[in-house]
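Please examine the sequence and the coordinates shown here before reading the report.

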Amino acid sequence: MKQFDFDTIKESLNPAKFIDQAEKNTQAVLAYVEPKELSKTLVALTADASDFFRAQLAAFESITTIVKTQSEEFTKQFTKATASK
């Protein structure tokens with residue numbers, strides 16, 4: 001059985017791709033909404049929501065990077081401290 005690393009799993013479940021596809025699908029459906037003013041408003045709201053979700057994703061990825069870096073640093077310091085005893 002093939003083992004996947006975190007990057008492989010992350011790429012296959014890429015949330016940015018899901019957001020992009022959901023936005024495209026929603027906008028395609030909204031093109032048929034009448035009256036057209038309502039359709040334009042809903043398309044704009046969909047784009048704004050997608051931008052918001054992308055920003056949340058970016059923030060989550062930044063937090064993940066910070067936590068990973070701090071965890072690695074803590075592990076190094078802890079290993080160093082316990083090795084010197």
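## Model and confidence

The structure is a predicted model. Over the protein chain the mean pLDDT is 86, and 89% of the residues reach 70 or more.

Confidence is highest in helix α3, with a mean of 92, and lowest in helix α1 (residues 6-12), with a mean of 69. Where pLDDT is low, predicted coordinates should not be read in detail.

## Overall make-up

The protein chain contains three helices and zero strands. Read from the N terminus, the order of its elements is α-α-α. Of the 85 residues in the protein chain, 9% are buried.

## Packing of α2 and α3

Two packed helices are described by the angle between their axes and the distance between those axes. For helix α2 (residues 15-30) and helix α3 (residues 36-83), the angle is about 175° and the axes are 10 Å apart. Because angles over 145 degrees count as roughly antiparallel, α2 is roughly antiparallel to α3.

On the α2 side, the contact is made by P15, A16, I19, D20, E23, T26, Q27 and L30. These meet S39, L42, V43, T46, A47, S50, F53, R54 and L57 in α3. By class, the contact of α2 with α3 comprises nine nonpolar, five polar and three charged residues.

Is F74 buried or exposed? With a relative accessible area of 58%, F74 is exposed, because the class begins over 50%.

## T41 in helix α3

T41 is located in helix α3. Its relative accessible area is 41%, so T41 is partly exposed; this class lies between the limits of 20% for buried and 50% for exposed residues.

T41 and L30 are eleven residues apart in sequence, and their C-alpha atoms are 9.6 Å apart in space.

How values were computed
Residues are numbered from 1 along each chain as its sequence is written. This is a predicted model: local features need pLDDT of at least 70, side-chain atom pairs count only at pLDDT 80 or more; totals for chains, interfaces and linings use all residues. Side-chain values use heavy atoms; hydrogens and water are left out. Axes are lines fitted to C-alpha atoms, for helices over the stretch in contact, and angles run from 0 to 180 degrees between N-to-C directions. Helices (H or I, at least four residues) and strands (E, at least two) are DSSP runs, numbered from the N terminus. Angles under 35 degrees count as roughly parallel, over 145 as roughly antiparallel, 65 to 115 as roughly perpendicular and the rest as oblique. Contact means heavy atoms within 4.5 Å. Ala, Val, Leu, Ile, Met, Phe, Trp, Tyr, Cys and Pro count as nonpolar, Asp, Glu, Lys and Arg as charged, and the others, Gly among them, as polar. Buried means under 20% relative accessible area, exposed over 50%, partly exposed in between (1.4 Å probe, protein chains only). pLDDT is the predictor's confidence in each residue, from 0 to 100.
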